[in-house]
Amino acid sequence: MQELRIGCAYHSNRLLKSVREDMEEIVAKGFDTVIHMLTHNDWRRCPSVCKDIFSYTKELGLDFWVDNWGLMGAPGDPCHFLSYHPEAARRYSDGSLNAPFVCLNNPEYIKWSKEWIDLVYDCGGRKIFWDEPFLKSDEEKFACGCPVCKELFKKTYNREMPVKPDDDCIDFQVRTIINYFKEVTAYSASKGMINSVCVMPGGRLGINLDNIHRLCEVENMDNVGTDPYWSKSKPECTGAWVYKYVYERAKKAMDVCNGIGRDHNIWIKAYDCLSGRERDVVYAAEAAYDAGARNIFFWGFRGCDGNEYRSDNPLMHWAAVGEAVARLREKEREAIVSKARAELGLK
């Protein structure tokens, strides 16, 4: 039986006194893992503070992963790397700018990504979380169509890159993401680091749940997952609907991970919640567990009250997260005790 691990994303705070209090609250809530961000701004302005944050997290007995928040653009901040290398900007196949993202085939960006890995290592991080890689497309155009990508496309498929995406273009997007991760994870693995990745469930994004199995081509990608976040825009997106939505997508991800021999991560939406729907996070967490997930993470701390996408009632939502975590811990305890009783022949 795989050990249950429950994590929480934490960002937008670099005041050490507050961080210490928050880490202690995370422990008290029943979490054992924290996902910390290490942004470009952190890199330039407060790397020693991040090192202290990571150290204190570890002192409390918490495991932690380090998120590449904003490095390639969303999720997170706009890609600050482009301020230094505007030529590395991601473009659509029609030549228009795909702001604020960076081209994953750009050699300078790949080099810079390795320098970020060095920073994570120097700050004490040993587990990297590659957050939601994607390359957009629609019926008329796709990314990336910068000069570097156009040349690489021509070399790969022996033809000029078209404007409207076809099968080769979609394959090129997947190859781009896979090749980037082959390069950067080989580097981090050479330093003894663990690599995890999360992809969005659907959409025209290069990598999603429909082709998540392609990530098995990345030898050093140890952990693969998804984040079945539901929309708050429709009245029916609550209660049992949430359970079913999360279960189906978590199960699909789990089947792939189990089939390719990878560990997993399943994320629960703990932000941008309408007032009165806070307990949906409980149903979602139960769904992920019932789908077989044992690495269950919540985005994010205290209803993400330090962000524009915070919940309507962040503390109420955070209380519901606490209930969800407690229920998961109880389910795990019951499973362990039931197994022990069965082995002893007890009823």
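Biologist: Is N158 buried or exposed?

Modeller: This is a predicted model, so keep that in mind. N158 is exposed, with a relative accessible area of 73%.

Biologist: Where is N158?

Modeller: N158 sits in the loop between α6 and α7. N158 follows α6, and its phi is positive, near 60 degrees.

Biologist: What about R302 and its phi?

Modeller: The phi of R302 is near 50 degrees. That is a positive value in a residue other than glycine. R302 belongs to the loop between β10 and α10.

Biologist: Back to α6. Which of its residues are buried?

Modeller: C149, F153 and Y157 are buried in helix α6, which covers residues 147-157. Seen down the axis of α6, its buried residues fall within an arc of 40 degrees, so they line one face of the helix.

Biologist: Why would residues spaced like that point the same way?

Modeller: An α-helix has 3.6 residues a turn, so residues three or four places apart point the same way.

Biologist: And what is exposed on the other side of α6?

Modeller: There, P147, E151 and K155 are exposed.

Biologist: What covers the buried residues of α6?

Modeller: The cover includes α7, residues 167-190.

Biologist: New topic. How many disulfides are there?

Modeller: A search of the whole structure finds zero disulfides. Take C144: the nearest cysteine sulfur, that of C146, is 3.6 Å away. A disulfide needs the two sulfurs within 2.5 Å, so C144 is in no disulfide.

Biologist: Is C144 buried or exposed?

Modeller: C144 counts as buried because its relative accessibility is 4%.

Biologist: Which peptide bond at C144 is cis?

Modeller: The one from A143 to C144 is cis, with omega near 10 degrees. C144 is in the loop between β6 (127-131) and α6.

Biologist: What joins W299 and G300?

Modeller: A cis peptide bond joins W299 and G300, with omega about 0 degrees. G300 lies in the loop between β10 (295-299) and α10 (314-344). For background, most peptide bonds are trans.

Biologist: What does S137 touch?

Modeller: Not counting residues up to four places away in sequence, S137 touches F142, I170, Q173 and R204. S137 is in the loop between β6 and α6. At 12% relative accessibility, S137 counts as buried.

Biologist: Where does N106 lie?

Modeller: N106 lies in the loop between β5 (97-102) and α5 (107-122). N106 counts as buried, at 5% relative accessibility.

Biologist: What does the side chain of N106 reach?

Modeller: The side chain of N106 reaches the backbone nitrogen of E108 at 2.9 Å. Leaving aside neighbours within four places in sequence, N106 is in contact with E87 and A88.

Biologist: How far apart are the C-alpha atoms of N106 and C146?

Modeller: They are separated by 9.3 Å, while the two residues are 40 residues apart along the chain.

Biologist: Strands now. How many residues of β2 are buried?

Modeller: Five of the five residues of β2 (residues 33-37) are buried, so the strand is largely enclosed by the rest of the structure. Both faces are covered. T33, I35 and M37 are on one side, with V34 and H36 on the other.

Biologist: In which sense do β1 and β2 pair?

Modeller: β1 (residues 5-10) and β2 pair in the parallel sense over four bridges. C8 has V34 in β2 as its bridge partner.

Biologist: Last one. Which residues touch the most other members of the largest nonpolar core?

Modeller: W116, W130 and F298 do, in a core of 86 residues. Helix α8 (residues 240-260) gives the largest share of this core, eight residues. Apart from it lies another core of 13 residues, including M37, Y229, F297 and C304.

Conventions. Residues numbered from 1 in each chain as written. Predicted model: local features only at pLDDT ≥ 70, side-chain atom pairs only at ≥ 80, totals over all residues. Heavy atoms only, no water. Core = buried A, V, L, I, M, F, W, Y, C linked by side-chain atoms within 4.5 Å. Buried < 20%, exposed > 50% of the residue type's maximum accessible area, 1.4 Å probe, protein only. Helix = DSSP H or I, 4+ residues; strand = E, 2+ residues; numbered from the N terminus. Arc of directions from axis to C-beta. Contact = heavy atoms within 4.5 Å. Polar contact = N/O pair within 3.5 Å; in protein donor to acceptor, adjacent residues only side chain to side chain. Pairing = 2+ DSSP bridges.
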